[in-house]
Amino acid sequence: MFSQIFSDFLNSDIPYHAIYGFYIACLFFLPYIFAISAWKKYKKYIRTNFLARKAHTLLQIRPPKEVTKSPLAMEIFITSLYQTQNEGTWIDRLVKGQLRPWFSLELVSIAGEVRFYIATRSELRTAVEANLYSQYPDIEIFESKDYTLGFDYDPTKFAIAGFELQKVKEDFIPIKTYPDFGLDKDPKDEHKIEPLTPTFEFLGLLQKGEQAWIQILVKAHKKEMKKPGGSMFDDKVDWTYMAKEYVKKTMKGAKVKEGESIDKLSKAERSTLDSIEENVAKVAFDTGIRVIYISDLDKENKGHSGGLKGIYRQFGSNLLNGLKPRNDLAFDYPWQDVFGWRLPLKKKEMIASYKAREFFPPLYDGKPFVMSTAELATIYHFPSLTKTPSLSRIEAKRSEPPTNLPI
């Protein structure tokens, strides 16, 4: 019976039509697939070449013993990093491969000594320094040797744990920011609630043979998001559009018509909407956060590698947003890395991406999210001495910034 069915199949037109249909499909789809792949590789190539021609500088910042300013000073500085040059025309973007600048705000602990760094294009170094000095006249800024270059991952010598961070909820919903901790009012030092204290306490616990690297990459946020439900030909939107849609949905769910009072909303809903409105009114940045723990193999502390995941937990809120790990340097199940080669490769890739300060597509397949200047200043600012004794600081107070900086 089976031989008869097979014979009928061979004698029919089915094989011919199937092969012919497959051939036609290949002629139609393969050039399309090839063109998309070639276009992506071309964009990556020209953008890599553009960046290769740009020199980069790593600046180390040493705050003074007494930091009396609130994180608002850091917010003003971070606002100055909103740079959109190089991408003015389609020729700049698609022919020359030019990219707007991004910056890397870094917090590093080496054997318990905590340091601040900022990585920038060398052409922007003077502007970065001038804007920092304008807010913190007593700080010390100097070009530093890249602390990452002396490290090459060897699984027989080093233990590594790490992850990237993402927001728990929609980007436009803020985390708890420094005004929520009362730091917008410049209170007396003994009354301050410093939200970065748990972060610095953890970083200060590291011992000889241990390091922790925290990297916050920021790039000016623009209208580059696809409109939900729209086509690729629709105008792109930014996070303010997403926020407005969320507000409309919330109001509709509470059966509040346009122009009516929002009293129908619960207190929690009103508070959340107010926070969203304040957040999206700020300058916004595409953001990528990467956290890595490194130790000598014989100095590895499992508690420290696990403790990394809690260093930003204090900024989370049930009503607002929070930060959670993604792309963890670990696998949950043994069959995800049966032969044991995927995890070392994954660790090497994360170290390489950290060193290159890459996060944004197409150079790196990261998942950037959006943060306001207030959010960024909350997780990256200079705290007071009494709250963070492990931080490397200037011993003598500076009287004034250098006089040769441009105005």
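This is a predicted model: local features need pLDDT of at least 70, side-chain atom pairs count only at pLDDT 80 or more; totals for chains, interfaces and linings use all residues.
Strand 9 is joined to strand 7 (residues 284-296) by four bridges, and the two strands run antiparallel.

## Overall architecture

The protein contains 11 helices and nine strands. Of its 407 residues, 43% are buried. Among contacts with a separation of 6 or more, 80% are between residues 24 or more positions apart.

## The nonpolar cores

The largest nonpolar core has 54 residues. Those that touch the most other members are Leu132, Ile216, Ile289, Tyr312 and Phe382. A second, separate core holds 16 residues, including Tyr117, Tyr147, Ile160 and Ile294.

Apart from its neighbours within four places in sequence, Ile289 is in contact with Phe163, Glu164, Leu165, Gln215, Ile216, Leu323, Phe359, Phe369, Met371 and Ile379.

## Helices 3 and 5

Helix 5 (residues 125-135) has the buried residues Val128, Glu129, Ala130, Leu132, Tyr133 and Gln135. These buried residues pack against strand 1, helix 3, strand 2, strand 3 and strand 4 (140-143). Leu132 is also one of the residues that touch the most other members of the largest nonpolar core.

In helix 3 (72-79), the buried residues are Ala73, Met74, Glu75, Phe77 and Ile78. Their cover includes strand 2, strand 3, helix 5, strand 7 and helix 11 (373-379).

## The loop at Asn86

Asn86 is located in the loop between helix 3 and helix 4. Although Asn86 and Leu99 are 13 residues apart along the chain, their C-alpha atoms are separated by 5.9 Å. When residues up to four places away in sequence are not counted, Asn86 touches Phe50, Asp92, Gln98, Leu99, Arg100, Pro101 and Arg121.

The largest pocket has a volume of about 730 Å³. It is lined by 26 residues, and the closest to its centre are Arg47, Arg100, Lys219, Glu224 and Pro361. Helix 2 (14-52), helix 4 (90-95) and strand 9 are the elements that give two or more residues to this lining. Helix 4 gives the most, with three residues. By class, the lining comprises 12 nonpolar, two polar and 12 charged residues. Arg100, one of the residues closest to the centre of the largest pocket, is also touched by Asn86.

The volume of the second largest pocket is about 380 Å³. Of the 20 residues in its lining, His56, Ala119, Lys355, Ala356 and Arg357 are the closest to the centre. Two or more lining residues come from each of strand 1 (56-62), strand 2 (102-110), strand 3 (113-121) and helix 10 (342-356). The lining of the second largest pocket divides into nine nonpolar, five polar and six charged residues.

## Cavities

A search of the whole structure finds two cavities of 30 Å³ or more. The largest cavity has a volume of about 70 Å³. Its lining consists of 12 residues, of which Lys69, Lys192, Glu194, Phe382 and Ser384 are the closest to the centre. By class, five of the lining residues are nonpolar, three are polar and four are charged. Phe382 in this lining is also among the residues that touch the most other members of the largest nonpolar core.

The second largest cavity has a volume of about 40 Å³. Ser80, Leu81, Gln83, Phe103, Leu124, Ala127, Val128 and Asn131 form its lining. Helix 5 provides the largest share of this lining, three residues. The lining of the second largest cavity has five nonpolar residues, three polar residues and no charged residues. One of the lining residues, Val128, also belongs to the buried residues of helix 5.

Conventions
Residues are numbered from 1 along each chain as its sequence is written. Side-chain values use heavy atoms; hydrogens and water are left out. Two strands pair if DSSP finds at least two bridges between them. A nonpolar core is a set of buried Ala, Val, Leu, Ile, Met, Phe, Trp, Tyr and Cys residues joined through side-chain atoms within 4.5 Å. Buried means under 20% relative accessible area, exposed over 50%, partly exposed in between (1.4 Å probe, protein chains only). Contact means heavy atoms within 4.5 Å. On a 1 Å grid over the protein atoms alone, a cavity is a set of points where a 1.4 Å probe fits but cannot get out, and a pocket is an open set with protein on both sides within 12 Å along at least five of seven lines; lining residues have an atom within 4 Å of a point. Grid points are joined across faces, edges and corners, and a volume is the space filled by probe spheres set on the points. Ala, Val, Leu, Ile, Met, Phe, Trp, Tyr, Cys and Pro count as nonpolar, Asp, Glu, Lys and Arg as charged, and the others, Gly among them, as polar.
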